[in-house]
Amino acid sequence: WLLAKSIQRLVIVISSLDNQEVIERWQFNVVCDKTSDDNSKPKEKPLSQIQNEIKDVIRQIVATVTFLPLIESTCAFDLLIYTDKDLETPENWEESGPRFVVNSQEVRLKSFNTLIHKVDAAVSYKLN
């Protein structure tokens with residue numbers, strides 16, 4: 001889906017197994033340049049610059065441990081993938097709602113851009 005430029009958003013939902021309450025929601029919005037294809041001239045951006053942008057996002061994700069509340073209950077996670085509407089859902093997958101965090105705080109994270117895909121990230125978490 002990523003190579004086909006059909007993905008719009010990837011969400012990781014962390015929920016309590018006790019009551020299915022959503023505790024955290026990590027959202028990665030993906031904007032694809034659908035004008036570029038295998039026959040078009042590649043856009044120029046140094047690989048090292050792309051890698052540094054991705055490293056910055058990963059560092060920021062790791063640093064969230066300093067402000068996210070400690071999760072003390074047993075949890076599960078779900079992966080939600082938002083794609084173009086014309087794609088079929090794989091056989092073992094199911095449709096789902098957005099699974100938002102009730103009474104949440106949101107923190108926007110850094111983004112990165114490969115010139116084909118731009119990814120913006122955010123985490124929503126339950127306020128105690």
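In the predicted model, Phe 67 is partly exposed, with a relative accessible area of 33%. Its ring takes part in the 1 aromatic pair that was counted. The partner is Tyr 125; the two ring centres lie 6.0 Å apart and the planes stand at 50 degrees, so the pair is classed as tilted. Tyr 125 is buried, its relative accessible area being 10%. A further ring contact involves Tyr 82: the charged end of Arg 9 sits over this ring, 4.8 Å from its centre.

Side chains of opposite charge can pair when their charged atoms come close. The structure contains 6 salt bridges. One of them joins Glu 21 to Lys 126, with the closest N and O atoms 3.1 Å apart. This bridge also connects distant parts of the chain: Glu 21 is in the loop between strand S1 (7–16) and strand S2 (22–32), Lys 126 is in strand S5, and 105 residues separate them. Glu 21 is partly exposed, at 31% relative accessibility.

Another salt bridge is formed by Glu 53 and Lys 45, at 2.9 Å from N to O. Glu 53 is buried at 18% relative accessibility, and Lys 45 is buried with a relative accessible area of 18%. Asp 56 and Arg 59 likewise meet in a salt bridge, at 2.8 Å from N to O. These residues are separated by about one helical turn, because they stand 3 residues apart in helix H1. Asp 56 is partly exposed at 30% relative accessibility, while Arg 59 is exposed at 52%.

Note on methods
Residues are numbered from 1 along each chain as its sequence is written. This is a predicted model: local features need pLDDT of at least 70, side-chain atom pairs count only at pLDDT 80 or more; totals for chains, interfaces and linings use all residues. Side-chain values use heavy atoms; hydrogens and water are left out. Rings of Phe, Tyr and Trp (its six-membered ring) pair if their centres lie within 6.5 Å; planes under 30 degrees apart count as stacked, over 60 as edge-to-face and the rest as tilted. Buried means under 20% relative accessible area, exposed over 50%, partly exposed in between (1.4 Å probe, protein chains only). A charge sits over a ring if NZ of Lys or CZ of Arg is within 6 Å of the ring centre and within 35 degrees of the ring normal. A salt bridge is a side-chain nitrogen of Lys or Arg within 4 Å of a carboxyl oxygen of Asp or Glu. Helices (H or I, at least four residues) and strands (E, at least two) are DSSP runs, numbered from the N terminus.
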